[in-house]
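Got a model on the screen and wondering where its labels come from? Let's go through them one by one.

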Amino acid sequence: MDAMGVLNNTNLLHRRSGQVSSRRFLVSNPAAWCFWGERPNPAAHFPLHLLKNKSSMISWKGQGQSSLQKSRNFAFKIVIPHPETSTREEAPDDYYINGEVVLQKVSLLNLTDYSATLLDEASELMRNRVYLQLVSSDQIDPETGSGKTTSEPTYLQWNPWDGPVAGDTHYRVKFKWDASLGFPGAFLIKNMHAREFFLKGVTLFIPGQGKVGFHCNSWVSPSRVDQNDRVFFSNKSFLPEQTPVGLRRLRELDLVEKRGDGTGERKVPDRIYDYDVYNDIGEPDKDPELRREVLGGSKDFPYPRRCRTGRPPTKTSPEFESRVSFPDVNFIPPDERFPHTDYSDFGAHIITAFANMIIPTLATLFDYAYQSFQEIDELYIKGFVSPLNSRKRLHAHKSPLQIIQGIVDAAEDNPVIHFLRPQIMQANEYAWRADEEFARQTLAGVNPIVIECLQKFPPSSSLDEKMYGPQESAITAQHIEKNLEGLSVDQAVTTQRLFIVDYYDAFMPYIERVNKLSDDVKMYASRALLFLTSEGILIPVAIELCLPPTDGKEAVRKVFTPGSDETEEQALWQLAKAHAKVNDAGFHQLVSHWLRSHCITEPIIIATHRQLSTMHPLFKLLHPHFLDTMDINQAARQSLINAGGVIEQGFTPGKYSSEISSKAYKNWKFNEQGLPNDLLKRGMAVPDPKAPHGLRLVIEDYPYAVDGLEIWFALKQWVSDYLSLYYKDFESIKRDKELQAWWVEIVNVGHGDLKDDPTRWYNMDSLDDLVEIVTTIIWTTSAHHAAVNFGQYSYGGYMPNMPTMSRRFIPEKGTPEYEELLRNPDRYYLETVSTPTQATLIVAVLEILSKHSNNEVYLGQVQGSTMDAADDSRVEEAFENFAAKMVKIEKDILERNNKFEVYKNRHGPAKIPYTLLYPNTSDLSKEGGLTGKGVPNSISI
């Protein structure tokens, strides 16, 4: 028998202090060995005679002895077996474990790369296969310090025709297992093919012990680009101190690998999670006008951290990171790109494709302002010819045609962009004009998280009055008391019937700069006061529009109140509402949506992968709520929030948009993001021990809050039930080193700009704190995001209802513009708000953002949830209780929506039922689209 060697890659030796790794891999195919220049095909079995030309690197010892040799690039271990032990008889305690492997033969960045299948087959012909090896939980290999492995690996019987590309392929496998090794708690896998594949899971059928699952959902890179053997642990959860002895070192090494060392440019297969500031949204090398402030790492511009890419700096400004160009994408760890079998169902790709293929040509279609509302209606009736007027042009792009399916109609050579009629205009196309609808949307629209109960009249600001004008509002009792049903202002405040949507502090510091961006940009900072009538509905009673002192002129404080139809006062009032809506649309997109859901979640995802093992119970609980989030965020940095991107083109703050979200982050507190604390902070709820959950809503018919509280407390109970299975007291929380490191890193690194203010954070000194922390995270990624995202097209798909641009100030009496307003109020309104190009751009993007994917996983659904990765009957029982509550909440919401006379704010004049927080747990149809309902597990669009 030929003497055999085991070759181990250099990186493993270096990372493991020069010791031979427990994760070496034995390839049972001697003929397959070959060298790749200076980089060997790692961890392979090979006959020693193949190394005769490399003998200078080998030291020999006698039979039965071994010698470890290291070269600059690799190390190998030579084992010369005794003749009498060259063949080993099967021990009586050996037995076979059958299993099933489920994977997808897809390419990470090109799901339609069918040619890669041929490369896989070529690899198989060369005996470069996919190998698996089981690892003992109970027995340690004294040489490596990790669990002992099976004596021989097994490999997949790969066949290019045995399963669909981009679909599940199932393989049967068989392992020889030594009963003395105890329980196999992990497996190693090595991919010797030319490309990666997506490993969904492995199931073992162990004689006498039943089924053991391994939930993987991970890309396995080819060994030529990632020389480390991948390790996957069984679905059984372990706190660090409970980890079986054979898995402890592997658990540690897997985390070390995902943390990286903070240096170098990240490559596509790197499984490294690290932090960086937002220094990649500007593009100063392309144009000095595209320079933007670095967000994060400073007191002036604090910000959550993003995923580090390590790209080189720009040539003109080294503090900025260079950008990638379409169709390339920003680096994120590969497991953050879940394989979607259809690009048209994948938000990140749709956004980047639309931004780069459609937007640049929109301006050529419209070079005028809307003249009438009828022109806007034509978008939904006739559509318009796509600027990409040929399918050939679409196919010429590297991204496939189906990326923009749903936007471009597949006409042969003249595709037409169609928009569906949004809900706001379906029942009554004029309903958006009603004051009641304007007010109702503060409770049940896409931004129901800003309205506050007014505590003091008149409202005031904390901004420097020397820079921005009087702190106190110009709204007086005389302005509003005529609409307070006979109450005085003091009585209305005392009885909690006056409310405010206040954007003064958010926008005033930028108003002067924004208004100097262009002659076609005119922005105010707004305040809107609303009154709760005796019928339980809100009505607006005053809007204040403010400008700072500029160029020697005094500060402007204009107050507008409702008027009768077709009056001068009413024409001004409609314009005032338009400007208030522009403020609301900008704040919604920059703060309520981007900052408070997408942006603040990313560093939490990074910390979770860096500090919590995949076998940690908290990792299993949180991971389903992070699906696709980092991918959609990198797409946003590339095409939405970047300099000159969609947000800057379509929203009034323009180039200052991201800065404004940074200023809002200064006031962000983690411990106020949970719904109950948020409502208490805004005065929209008060403590009441007699009320459900100890909270009484100030406005009883507040759809977002009513539905949201039901979801919040159901979530909290599920989180509490789950975590209580693992943590029995504070000491168990304190001893959990991974958990403590996770929270410390979130606070001090991921959100490091706010770390010095302890009033923003929970202390993590009790199970109650842990439950609040985790519930807040899941609430943010699920219900909060659903509430502010999936109704965007319903309300913003009709631009006049939610304009994002303001282009004219409200005219002064006695001016030609004022006369123009009186002659044709509708036309003046349209010349004030978004242009056709701006409107079409934003409407198209809102349609994309509002669509549920076909593979959406909603709260309480089993497939794609924690249940996939946790084989524990106690977890299953707790999750079933949670799912049942979600289904009950669905029924409760439908019941409330059907009581039109009782819950008037759930429909309003536009007759849009409030379903944005309808869980949709019971819907297993896998049909996405503009449904206007459903609470997905994660921020995936």
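Contact here means heavy atoms within 4.5 Å. This is a predicted model, so local features need pLDDT of at least 70 and side-chain atom pairs count only at pLDDT 80 or more, while totals for chains, interfaces and linings use all residues. Residues are numbered from 1 along each chain as its sequence is written, and side-chain values use heavy atoms, with hydrogens and water left out.

Q: Which residues does Phe331 touch, leaving out residues up to four places away in sequence?
A: Phe331 touches Arg266, Lys267, Val268, Asp270, Ile272, Cys307, Arg308, Thr309 and Arg311. Take Arg308: its C-alpha atom and that of Phe331 are separated by 8.0 Å, with the two residues 23 apart along the chain.

Q: Why is Phe331 called buried?
A: Buried means under 20% relative accessible area, with exposed over 50% and partly exposed in between (1.4 Å probe, protein chains only). Phe331 has 9%, so it counts as buried.

Q: How do you know where Phe331 sits relative to strand S17 and helix H4?
A: Helices (H or I, at least four residues) and strands (E, at least two) are DSSP runs, numbered from the N terminus. Phe331 lies in the loop between strand S17 (306-307) and helix H4 (347-357). The protein chain has 27 helices and 26 strands.

Q: What makes H12 and H17 roughly antiparallel?
A: Axes are lines fitted to C-alpha atoms, for helices over the stretch in contact, and angles run from 0 to 180 degrees between N-to-C directions. Under 35 degrees counts as roughly parallel, over 145 as roughly antiparallel, 65 to 115 as roughly perpendicular, and the rest as oblique. The axes of H12 (residues 504-515) and H17 (residues 657-665) cross at roughly 150 degrees, coming within 10 Å. The pair is therefore roughly antiparallel.

Q: Which residues make that contact between H12 and H17?
A: H12 brings Ala506, Phe507, Tyr510 and Arg513, and H17 brings Glu659, Ile660 and Lys663.

Q: Why is H19 called oblique to H22?
A: The axes of H19 (residues 703-724) and H22 (residues 767-789) come within 9 Å and cross at roughly 135 degrees. That angle makes H19 oblique to H22.

Q: What makes up the contact of H19 with H22, by class?
A: Ala, Val, Leu, Ile, Met, Phe, Trp, Tyr, Cys and Pro count as nonpolar, Asp, Glu, Lys and Arg as charged, and the others, Gly among them, as polar. This contact has 14 nonpolar, 7 polar and 2 charged residues.

Q: Which residues touch the most other members of the largest nonpolar core?
A: A nonpolar core is a set of buried Ala, Val, Leu, Ile, Met, Phe, Trp, Tyr and Cys residues joined through side-chain atoms within 4.5 Å. Of the 181 residues in the largest one, Phe499, Tyr702, Trp718, Leu723, Trp742 and Trp743 touch the most other members. Helix H13 (residues 568-611) supplies the largest share, 19 residues.

Q: What makes the phi of Asn920 worth a look?
A: Most residues other than glycine have a negative phi, and most peptide bonds are trans. Asn920 has a positive phi, near 70 degrees. Asn920 is found in the segment after helix H27 (873-897), and its relative accessibility of 3% makes it buried.

Q: Which peptide bond is cis, and where does its proline lie?
A: A cis bond joins Phe457 and Pro458, with omega about -5 degrees. Pro458 lies in the loop between strand S20 (452-453) and helix H9 (465-468).
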